[in-house]
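Please keep the sequence and the structure at hand while reading.

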Amino acid sequence: MSIIELLASLSLLLVPLFFYLTRNSWSKAPSKSNPKSYPLIGSSVAIFANRNRTTQWTSDLIQSSPTATVVLRRLLNDSRVLTGNPANVQHILKTKFCDYEKGSKTRQTLFDFLGNGIFNMDGDSWKFQRQVSSHEFNTKSLRKFVETVVDTEVSQRLIPILSTAAANKSVLDLQDILQRFAFDNICKIAFGHDPAYLLPDLPEAEFAKTFDDAAKISSERVATLFPFLWKIKRFLNIGSEKRLKEACSDLREFARNIIKEKKQELSNKPSLETVDLLSRFLSSGHSDEDFVTDIVISFILAGRDTTSAALTWYFWLLSQNPEIEKEILLEIKDKSESPVYEEVKDMVYTHASLCESMRLYPPVPIDGKVALRDDVLPDGTVIKKGNESFLPSVCNGEGRDVVGSGLGRVQAR
């Protein structure tokens with residue numbers, strides 16, 4: 001059979017498939033909450049055009065929808081449900097929690113980086129890791145350790161850098177500074193290692209760079225419209241997939257070395273007071289290196305970007321709302337200079353302003369779930385088994401568009 005005949009045969013085979021896939025896909029006039037959809041490719045054109053502002057774009061779509069829910073069609077009629085409807089969110093994350101999970105696609109996509117860590121697991125494994133972690137985080141000794149670590153990082157590194165910049169009237173990239181601050185803190189809390197990332201000369205820490213590369217490439221895997229491309233690159237071990245493989249290998253080798261050192265330290269000094277999370281896990285009998293490594297990497301991921309993102313937006317909002325800043329300073333001055341937890345937790349105004357800041361600019365803006373069975377959301381949206389649902393953390397238009405009025409509500413409280 002010639003090549004032309006082969007192509008003609010394939011074309012004939014694709015005709016019925018084309019009509020099946022496009023039966024309900026012909027584009028209607030686009031609206032603010034529904035981007036234009038085309039046969040076969042759905043709204044892939046709009047998705048690709050907004051790939052660098054996905055969070056903002058999907059938030060805009062949801063806010064423009066009367067039900068705060070949007071069905072986004074992708075390549076080959078693959079549908080994703082985006083919802084910011086509180087009733088839907090509660091239905092997925094609470095009422096029908098057992099009917100939704102991260103899903104095998106997400107787990108496979110993130111496995112090279114997160115392994116079987118808590119943020120990449122479902123079911124009993126997720127429950128077990130959550131119970132173990134919750135137990136450790138609720139201990140007074142860990143809380144005291146966190147206070148000591150953060151106080152040291154603030155007083156010996158963060159404040160001197162900010163003071164020097166203020167004295168010299170120089171400009172700092174606050175987001176970079178806070179990322180370094182958060183990374184030092186979470187590494188010391190997670191496994192007792194100080195990467196010394198927040199120093200006056202703002203050094204390039206190899207571990208931080210490796211972690212950034214692994215996180216960035218893994219997130220690009222999740223966001224891509226064409227997952228087969230990264231799978232081909234992984235198979236051929238080229239480009240970004242080669243860098244990801246090297247980064248994950250370096251991270252795990254670094255973690256294994258730390259674990260060996262901790263085990264040796266604990267065996268030499270059985271009465272050693274365990275403070276960091278890694279030491280606590282090891283001393284409580286969780287000695288499997290892969291299990292402990294996956295948990296520690298997940299905690300670093302959780303504590304690094306979330307903390308720095310929340311603080312960056314918080315200080316930016318304060319710079320735009322000086323009256324709020326004055327109230328917070330008054331509350332701080334009423335407390336002692338040392339950041340004792342028992343005093344800090346009573347700072348109601350500061351706590352409320354932080355919560356409002358995270359409502360306006362959530363550090364974790366999207367949570368994705370996959371339906372294990374057919375379902376109907378409270379607003380009537382039909383969910384088919386295997387459909388992916390994304391829950392962007394968007395607030396109402398009034399608070400989001402008028403930042404001052406949002407913080408004004410904090411003042412009223």
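## Basis of the report

The model is predicted, not experimental, and side-chain atom pairs are counted only at pLDDT 80 or more.

## Negative patch

Four acidic residues, Glu204, Glu206, Glu246 and Asp250, form a patch of negative charge on the surface. One of them, Glu206, belongs to helix α9, which spans residues 206-223. Glu206 has a relative accessibility of 58%, so this residue is classed as exposed; the cut-off for that class is over 50%.

## Nonpolar patch

The surface also carries a nonpolar patch of about 1,100 Å². Its members are Tyr38, Ile41, Val45, Leu75, Leu76, Phe226, Phe228, Leu229, Ile232, Phe235, Leu236 and Ile238. Helix α10, residues 227-236, supplies the largest share of this patch, with five residues.

Ile238, one of the patch members, sits in the loop between α10 and α11 (239-268). The relative accessibility of Ile238 is 39%, so Ile238 is partly exposed.

Ser79 is located in strand β2, which covers residues 79-83. Its relative accessibility is 13%, so Ser79 counts as buried; the class requires a value under 20%. The side chain of Ser79 makes a polar contact of 2.9 Å with the side chain of Arg73.

Asn85 is found in the loop between β2 and α4 (86-95). Is Asn85 buried or exposed? With a relative accessible area of 15%, Asn85 is buried. The side chain of Asn85 has a polar atom 3.0 Å from the backbone oxygen of Thr67. A polar atom of the Asn85 side chain also lies 2.9 Å from the backbone nitrogen of Ala87.

How many salt bridges does the count come to? The count is 24 salt bridges, each with a side-chain nitrogen of Lys or Arg within 4 Å of a carboxyl oxygen of Asp or Glu.

Asp176, with a relative accessible area of 21%, is partly exposed.

In helix α9, Lys209 and Asp213 are likewise placed four residues apart, about one turn of the helix. Their salt bridge has its closest N and O atoms 3.4 Å apart. Lys209 is partly exposed at 41% relative accessibility, and Asp213 is partly exposed at 29%. Helix α9 is also the helix that holds Glu206, a member of the negative patch.

Arg359 lies in helix α16, residues 348-360. Arg359 and Ala310 are 49 residues apart in sequence, and their C-alpha atoms are 10.0 Å apart in space.

Which residue forms a salt bridge with Arg359? The partner is Glu356, with the closest N and O atoms 3.0 Å apart. The side chains of Arg359 and Glu356 are also listed as a polar contact of 3.0 Å. Arg359 and Glu356 are separated by about one helical turn because they are three residues apart in helix α16. Arg359 is partly exposed, with a relative accessibility of 26%. Glu356 has a relative accessibility of 9% and so counts as buried.

Other salt bridges share partners, and these link Glu153, Arg157, Asp184, Lys188 and Asp194 into one network.

Key. Residues are numbered from 1 along each chain as its sequence is written. This is a predicted model: local features need pLDDT of at least 70, side-chain atom pairs count only at pLDDT 80 or more; totals for chains, interfaces and linings use all residues. Side-chain values use heavy atoms; hydrogens and water are left out. Patches are made of residues with over 30% relative accessible area and no salt bridge: like charges are joined within 9 Å, nonpolar side chains (Val, Leu, Ile, Met, Phe, Trp, Tyr) within 5 Å. Accessible areas come from the Shrake-Rupley method with a 1.4 Å probe; for residues, only the protein chains shown count as cover. Lys and Arg count as positive and Asp and Glu as negative; His and the chain ends are not counted. The place of a charge is taken as NZ of Lys, CZ of Arg, CG of Asp or CD of Glu. Helices (H or I, at least four residues) and strands (E, at least two) are DSSP runs, numbered from the N terminus. Buried means under 20% relative accessible area, exposed over 50%, partly exposed in between (1.4 Å probe, protein chains only). A polar contact is a pair of N or O atoms within 3.5 Å; within protein, one must be able to donate a hydrogen and the other to accept it, and residues adjacent in sequence count only if both atoms are side-chain atoms.
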